Amino acid sequence: MDTGQELGNTIPRARAEDDAPRLEPMLDLEWSRAIELPQAAMTAASPAELRRAWVHRAPEDTVLALFRASAGMSGPIPAPWWLRAMADGKLDSRDQGFRVEDRIAQLLGPRPGWEFVPWAADGESGYWEFMPSERGKSGHAIPTTVMNTDRHPGWIDVLPAHTGRTPDPIPVAGLAGLRSRLGVFEAVR
């Protein structure tokens with residue numbers, strides 16, 4: 001008959017206070033779920049079609065509170081540009097951010113060569129690429145890219161077409177600034 005006495009050596013010892021389990025906050029998981037998009041959103045053709053995560057639909061004050069609580073735990077966290085701008089007091093509302101994104105879509109969407117890319121970094125709102133600037137006469141591997149940012153009050157950065165090291169983004173003074181410089185940005189082919 002097996003008495004199980006040989007198991008005595010395999011049973012772990014009780015934990016002492018100094019090696020107690022480390023408990024991780026659940027905020028990281030909660031925030032991750034807050035910015036998670038459904039798989040169907042990966043076919044979005046505009047930022048408006050991408051707005052399906054909790055951060056886009058939940059009450060704005062609740063979103064901002066969770067963002068601030070989560071960001072305070074471990075430094076910068078993935079989040080839409082407009083939410084970072086709101087948290088810093090630079091943007092008054094989520095709807096203002098949505099309007100910026102939608103106006104860029106209205107400008108670039110109908111123009112030949114521009115494509116919306118929905119699979120940006122976690123939490124981000126997608127970006128626009130000028131496809132003729134990729135592997136054209138200039139031979140660039142990365143196309144001209146228009147993306148939203150919270151770095152400055154124009155809310156738009158342009159990353160020039162390039163190969164190799166990523167250049168610094170060009171800050172653009174809002175939609176009017178983008179519209180006035182589109183010819184220059186589209187000239188790289």
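Trp 114 has Phe 130, in β2, as its bridge partner. This is a predicted model, in which local features need pLDDT of at least 70 and side-chain atom pairs count only at pLDDT 80 or more, while totals for chains, interfaces and linings use all residues. Residues are numbered from 1 along each chain as its sequence is written, and side-chain values use heavy atoms, with hydrogens and water left out.

**Strand pairing**
- β1 pairs with strand β2 (residues 127-130) in the antiparallel sense over four bridges, where pairing requires that DSSP finds at least two bridges between the strands.
- β2 also pairs with β3 in the antiparallel sense, over three bridges, and Phe 130 has Thr 144 as its bridge partner in β3.

**The sheet**
- Five strands form an open sheet with antiparallel pairing in the order β1-β2-β3-β4-β5; strands (E, at least two residues) and helices (H or I, at least four) are DSSP runs numbered from the N terminus.
- Because β1 (114-117) and β5 (170-172) stand at the edges with a single partner strand each, one side of each is left without a neighbour in the sheet.
- From one strand to the next, the twist averages 25°, with axes fitted as lines to C-alpha atoms (for helices over the stretch in contact) and angles running from 0 to 180 degrees between N-to-C directions.

**Helices on the sheet**
- Helix α6 (residues 94-108) packs on the sheet and touches β1, β2, β3 (144-148) and β4 (156-159), contact meaning heavy atoms within 4.5 Å.
- Helix α7 (residues 174-187) packs on the sheet as well, touching β1, β2, β3, β4 and β5, and its direction makes about 135° with that of β5.
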